[in-house]
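Dear colleague,

Please find the structure below, together with a short account of what was found in it. I would be grateful if you could read the two side by side.

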Amino acid sequence: MNIQHGFAGPYGAVAQHDQPGTHDLDLVRIARALWRGRRLIAAVGVLSLVLSGIYSFGVARPKYAATTLLVLKQPSDPVTRQTVGIQDLPADQTDMNTELHIIESRGLVLDLIDELALAGDPEFNPVLRRSAGSTSSSLRPTAVALEAEQLDQVVRNVRDAISARVQRNTHIFSISITSEDREKAAQMANGLARLYLQDQVDTKFAAAEDAVRWLSQRVGSLQQDLAASEDAISGLKARMELTSVEALALTNARLKDARARLADLSQKARQAESNAQQFDQFRQSGDIAAIAALTSDAELSNLLTDQKILANASQIDVRLGQIEAQFHTARQRLVLQLSALERSVDELEATVATQGDGLAQLHQLEREAQATRVLYETLLSRLKEASTLRGLQQADARVLSAAAAGTYQSPRKAWIMLLSMLVGMTVASIYVLSKQFIHSGFRTADELEEATGRPVMGQIPVFPVDDRSELVQFLAQHPTAASVEAIRNLRTSLLMSNIDQPPQVILTASALPGEGKTTHAVALAQNLAGLGKRVLLIEGDIRRRTLARYFPSTSKGGIVSVLAGEVSLSDAVQHVPALVADVLLGETSQSSAADIFASRRFEELMKTARASYDIIVIDSPPVLVVPDARVIARHADAVLFMVGWDKTTGRQVAEGLRQFELAHCGVTGMVLSQVKPVELARYGYGETNPAYSRVAEGYYSAT
């Protein structure tokens, strides 16, 4: 793909331009390209304007919009809110937007469709619209009767007609309906607002009903629980014969005193036991003095101090026996007292434990019964309030302004027409610029020379003939035509390419068919003959044999006959008076054309032709299609490579040149053929190619 980057001279040698910015896509070049395409841009703009006008005034259905304003308000009865759990007024933008989604919800839309019979309206039911109103109003379907898919379509169409939004920084929101009928739009807007308010009331009433139902069930359950608690309290009192709290406190005091006496008596018993053990130890050891000190017995002490008595030990033993008996008696008494007191403590502890547990259980039952009684009375009161107020529910919104007949909304004819015209002109401008700057072929000699590295010897416009047979006559009758002058310029460039030894055998070649190669070969032969030269035109493309279409054949043989030795060259050629040259046409052959041109006979033919003619022009087949051109090029002094203007791609040209290089046949020069002057001027090359612009008027004939 090539981007236009320069301009070539009108003919012959390439005119190099070193102007700054010629290799850039600048704004000036873009503006010039748009100016050259102004007619197309204007035409497309006018066409878009006309088509949009037809659509706006004749095809598009007018739309009317009606708007209902709603304002959210606080519920008038706070008791109702507290009783049945109704939510407070939405306070932030999120909640307000939630209300808008509720308005546009499928449920409310279905209610609106049923209320206004929109399922039978062709505006919203595409099936009825396609039937062109064949369904009578009495037979129009309802939302229930529609199939699911058709109903979904109706719902979508109605929802598309609804627009709800919140007024900024307020609790006011609007419901707008767009319809093809003014009154219908107002009815839909007011109907949807009414359904929304009714939905709020129904929602609250349903919540109240749920609350009453729940409270009734809960109150009944609490009543049963309270009765069960009271029965349990009565049964416990009768079963345990519980005393008062004061009696329990007195029993606790007695238990405390008994425990204290038990502790004191236990201490005395332990002391008595200890004394008895010491007494036994001292008696066994015979330490009477220690026993006297332990027991503090005066009599024993007197016996120990009386010398007479000491001689009589029997009295001491008697006293010791008495003391031992006293210890035993005291110990027995203490054991009995301790046992009795322990039984008394156990009995008191059992009594306190029993009475305490019963009293605690009683208190627990009484607390539970009291809590149940309070909850029961509270819920019973709420139940009575809810039952009374459930019929007093109100919506949280009210209609601030009902919708009137709809106002015109669309189509906006002026905007549609203006935008359509601008879009059309933009598209046309893009097309013009794309044609100007984006192309795969070559449009200037500079492009071709830069891409190939070979000189461009000519730029040949399209010959203004309708048929190939008219070419020779045109060349003879219009010697000053632009295309003929271009051939003459090509002839000059070719002959001057080697002044010392001008080429005698000239081969015209191309990459692909249809690039004007044969036409230019005929025109070049005629132009060379005009110099008084003996010129022979040989048809080297014997596969297609298109040269016969330019003039009728009068000879009895052709190139194949000459190579076969059936006729001589002089007998095979035919002289064309209008061409002022001889022509050797091609013939069909069973052998390969490449083999024929590679044969020694063809080499001998070329030697004979060189001796008989001043210049020989050979028309060869496309080099990318068959190898014939490369074989013939070995006998040529100059090879002209034809490139179709804005047609042959760079890759095709490069591959064609590479084929000649592989055959060691150099290409003398390039020819930009089939140039279209009108398009050339349209693309902005008329200024640097005056031969194709109005500047050349007076120098070339009209054709």
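In which loop is the place of Asn498? Asn498 sits in the loop between α17 (482-495) and β7. The model is predicted, so local features need pLDDT of at least 70 and side-chain atom pairs count only at pLDDT 80 or more, while totals for chains, interfaces and linings use all residues. Residues are numbered from 1 along each chain as its sequence is written, and side-chain values use heavy atoms, with hydrogens and water left out.

Asn498 has a relative accessible area of 35% and is therefore partly exposed (between buried, under 20%, and exposed, over 50%; 1.4 Å probe, protein chains only). Its C-alpha atom is separated by 9.9 Å from that of Ala638, 140 residues away along the chain.

The sheet is open and mixed, with 8 strands in the order β6-β13-β12-β7-β11-β8-β10-β9. Strands are DSSP runs of E of at least two residues, helices runs of H or I of at least four, numbered from the N terminus; two strands pair if DSSP finds at least two bridges between them. β6 (456-461) and β9 (574-576) are the edge strands, each with a single partner, so one side of each lacks a neighbour in the sheet.

Within the sheet, β8 (residues 535-539) and β11 (residues 615-619) run parallel and are joined by 5 bridges; Leu536 has Ile616 in β11 as its bridge partner. Helix α18 (residues 517-529) packs on the sheet, with β8 and β11 among the strands it touches (heavy atoms within 4.5 Å).

Elsewhere, Leu51 belongs to helix α2 (residues 38-59).

Yours sincerely

How values were computed: Axes fitted to C-alpha atoms, helices over the stretch in contact; angles between N-to-C directions.
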